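Here's a quick tour of a protein chain, written for someone just getting started with structures. Take a look at it first, then read on.

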Amino acid sequence: GIAAYQKIRPLTKTTTDAYDLYTTLLNNGYSSANIALILDDRATKHAISEKLDWLAREAKTESTVIIFFSGHGAQLLGGFWPGEYLCPVEATLEKVKDTFISDNELTIALRAIGAGRLVVFLDACHAGGVGEPKDSTIQIKAGLSDAAYSRLAEGKGRVIIASSRPDEVSWELADMRNGLFTHYLLEGLRGGAARQDGKVWISSLFSYIYELVSQRASQHPFLKYT
């Protein structure tokens, strides 16, 4: 969760989102030894990459792995480093390769995780804020494209749930502690999306999030899976 960006526009509820998911997992049986919480100045490209590598080393075939990212995402069109990226805390357009995480880098990292079940929640499409490029040939769009999400979902037992469609933004509403998407993600995990046996299936969770988020704003979460 990254709110206090060093070089681009800060966000307000993203670290709260990550912390609240962390406590929800703890309260539902996940061990603190198996959870890495990386917030703000600790959420560098190096630190995020190290934790993805840790997951690749530690996850077993029978494991369920959950990855959550709440922060800026961007598509860069033109220039020397065109592509689609997640933005760590130090992200700057002056050093794209060194300070952004490309969708290709993230795809490779996810493929290295051998868990039988892997779920990725991405809340990475906020309005503007990545900055103005000095090179006038470069264009910036918020978030990732549909093709990028499809690449991330490649493999077996993979589910990607994004907070909004590629042509939308993800909202932070004043009356909520969390961002809109994470508010209903947490509510669903805490029982709102549970079936009669008390279990929360990923299909039920997504349906729950989609229905309630789309009722509050022009925002439509979407799912990719294999």
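This is a predicted model: local features need pLDDT of at least 70, side-chain atom pairs count only at pLDDT 80 or more; totals for chains, interfaces and linings use all residues.

**Around K224**
- The side chain of K224 also makes a polar contact of 3.2 Å with the side chain of S150.
- Setting aside neighbours within four places in sequence, K224 is in contact with D146, Y149, S150, A153, R158, V159 and I160.

**Other salt bridges**
- How many salt bridges turn up in the whole structure? A search finds eight.
- One of them brings together the side chains of E84 and R151, at 3.8 Å from N to O.
- E84 belongs to strand β3 and R151 to helix α5, so this pair ties together parts that are 67 residues apart in sequence.
- E84 counts as buried because its relative accessibility is 12%, and the cut-off for buried is under 20%.
- R151, at 32% relative accessibility, counts as partly exposed.
- There's a network here too: salt bridges link E84, D103 and R151.
- R111 and E154 make another salt bridge through their side chains, at 2.2 Å from N to O.
- That pair also links distant parts of the chain, with R111 in helix α4 and E154 in the loop between α5 and β7, 43 residues apart.
- R111 counts as exposed at 52% relative accessibility, while E154 counts as partly exposed at 34%.

- In soluble globular proteins, nonpolar side chains tend to be buried together.
- The largest nonpolar core in this model has 40 residues, and L110, I113 and L122 touch the most other members.
- At least two residues of this core come from each of α2 (45-58), β1 (64-70), β3 (83-86), α4 (103-111), β5 (117-123), α5 (146-152) and β7 (158-162).
- Which element gives the largest share? That's α2, with four residues.

- Strands of a sheet pair through backbone hydrogen bonds, either parallel or antiparallel.
- Four strands make an open sheet here, in the order β1-β5-β7-β8, and the pairing is mixed.
- Which strands are at the edges? They're β1 and β8, each of which pairs on one side only.
- From one strand to the next, the twist averages 15°.
- β1 and β5 run parallel and are joined by seven bridges.
- If you'd like a landmark in that pairing, find F68, whose bridge partner in β5 is F121.
- Helix α1 (residues 14-27) lies across β1 and β5, and runs at about 160° to β1.

Terms used. Residues are numbered from 1 along each chain as its sequence is written. Side-chain values use heavy atoms; hydrogens and water are left out. A nonpolar core is a set of buried Ala, Val, Leu, Ile, Met, Phe, Trp, Tyr and Cys residues joined through side-chain atoms within 4.5 Å. Buried means under 20% relative accessible area, exposed over 50%, partly exposed in between (1.4 Å probe, protein chains only). A salt bridge is a side-chain nitrogen of Lys or Arg within 4 Å of a carboxyl oxygen of Asp or Glu. A polar contact is a pair of N or O atoms within 3.5 Å; within protein, one must be able to donate a hydrogen and the other to accept it, and residues adjacent in sequence count only if both atoms are side-chain atoms. Contact means heavy atoms within 4.5 Å. Two strands pair if DSSP finds at least two bridges between them. Axes are lines fitted to C-alpha atoms, for helices over the stretch in contact, and angles run from 0 to 180 degrees between N-to-C directions.
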